[in-house]
Amino acid sequence: MMSVSENLLGNVFGIYLARATDEEILKRKVASGGAVTALLAYALEKGLIDGVVTAKRTEGLEGQAVVARTREELLETAGNKWSIVPFASRMKAKIEEEGLKNVAVVCLPCQAQFFGQMRDFPLLESDFGERIKYIVSLFCIGTFAFEAFLNYLRMKHSIMAQDIKDIVLKGDFLEIYHGDSVLSLQIKEVYSYLQAGCLVCTDYTGTWSDISAGFVESEKGWTVLITRNLKAEELVKSAEKDGYIELRDGSHVIGDVLKAAREKLARAQKNMMYLL
């Protein structure tokens with residue numbers, strides 16, 4: 001396990017830069033390397049899990065929770081999501097309806113905490129938690145209260161929800177891809193449209209997860225993977241061995257991840273002062 005100077009990142013077993021080897025995945029995930037999709041495809045195809053619970057963007061910023069059981073279904077969920085999808089209740093129902101025994105959950109840090117507690121400290125729903133094999137948390141600066149944010153885009157920039165193709169974080173800017181154009185917005189300009197809970201959230205990477213995943217500007221085209229335990233480490237290394245992902249040491253980017261984590265913590269502390 002690596003030694004990290006602060007506890008902002010939680011347990012860090014290993015930190016890597018990873019990239020999918022599948023051209024179809026790379027075509028859809030060029031910006032971040034597609035390693036999460038490749039890892040989950042590996043886990044499905046090797047029988048380590050029988051389903052992946054994740055979010056799929058539908059229109060604008062809206063999304064829905066889905067269960068993917070094949071590589072093709074996973075590919076349909078690829079891409080950025082900027083609104084939170086409440087899939088805890090749907091996940092329980094889908095597990096029971098489809099008889100799933102071992103699932104991977106792709107979620108945000110706040111959801112990773114919920115699923116981690118359900119799995120590691122079960123109360124009444126132990127049958128639900130024990131079926132969660134892997135929790136994969138995505139790096140997160142926050143999610144938008146999408147109705148307010150879409151109204152802002154419509155009123156100030158004449159961008160309609162149905163015209164939004166993608167939203168990409170680049171440094172201190174959000175790029176809104178709509179129609180044939182791209183609108184670049186400073187993050188600070190749109191902070192006020194984040195969910196209230198996100199403004200006081202201190203977790204950037206998802207410390208309750210088995211694997212955290214995101215990207216840093218200095219390594220475009222690669223996914224940063226943080227493994228937090230031996231089980232996660234074995235999944236990543238096995239996927240590399242079987243040719244699903246390329247893997248490089250990522251210890252040199254931990255400073256970039258810590259910087260983003262500190263900024264989220266500072267934002268939360270500032271906003272919490274207004275609540276006290």
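Helices and strands here are DSSP runs, numbered from the N terminus; the model shown in these close-ups is predicted.

**View 1. S209 sits in the loop between α9 (196–199) and β9 (211–214).** With a relative accessible area of 5%, S209 is buried. Its side chain has a polar atom 2.7 Å from the backbone oxygen of G206, and a polar contact of 3.0 Å joins it to the side chain of S212. Leaving aside residues up to four places away in sequence, S209 touches A112, I135, S137 and R228.

**View 2. Y42 and Y244 make up one of the seven aromatic pairs in the structure.** The geometry is edge-to-face, at 5.0 Å centre to centre and 75 degrees between the planes. Here distant parts of the chain come together: Y42 belongs to helix α2 (residues 35–45), while Y244 is in the loop between α10 (230–241) and β11 (245–249), 202 residues apart. Y42 is buried at 7% relative accessibility, and Y244 is buried at 16%.

**View 3. The rings of F149 and Y193 form a tilted pair, with centres 6.1 Å apart and planes at 55 degrees.** F149 lies in helix α7 (residues 146–157) and Y193 in the loop between α8 (187–190) and α9, 44 residues apart. F149 is buried at 0% relative accessibility, whereas Y193 is partly exposed at 23%. Together with Y152, these two residues form one aromatic cluster.

**View 4. R248 lies over the face of W222.** Take a look at the spacing: R248 is 4.8 Å from the ring centre.

**View 5. G171 occupies the loop between β6 (164–170) and β7 (173–178).** This glycine, G171, is partly exposed at 37% relative accessibility. G171 and V216 are 45 residues apart in sequence, and their C-alpha atoms are 8.4 Å apart in space.

Methods:
Residues numbered from 1 in each chain as written. Predicted model: local features only at pLDDT ≥ 70, side-chain atom pairs only at ≥ 80, totals over all residues. Heavy atoms only, no water. Helix = DSSP H or I, 4+ residues; strand = E, 2+ residues; numbered from the N terminus. Buried < 20%, exposed > 50% of the residue type's maximum accessible area, 1.4 Å probe, protein only. Polar contact = N/O pair within 3.5 Å; in protein donor to acceptor, adjacent residues only side chain to side chain. Contact = heavy atoms within 4.5 Å. Phe/Tyr/Trp six-rings, centres within 6.5 Å; stacked < 30°, edge-to-face > 60°. Lys NZ or Arg CZ within 6 Å of the ring centre and 35° of its normal.
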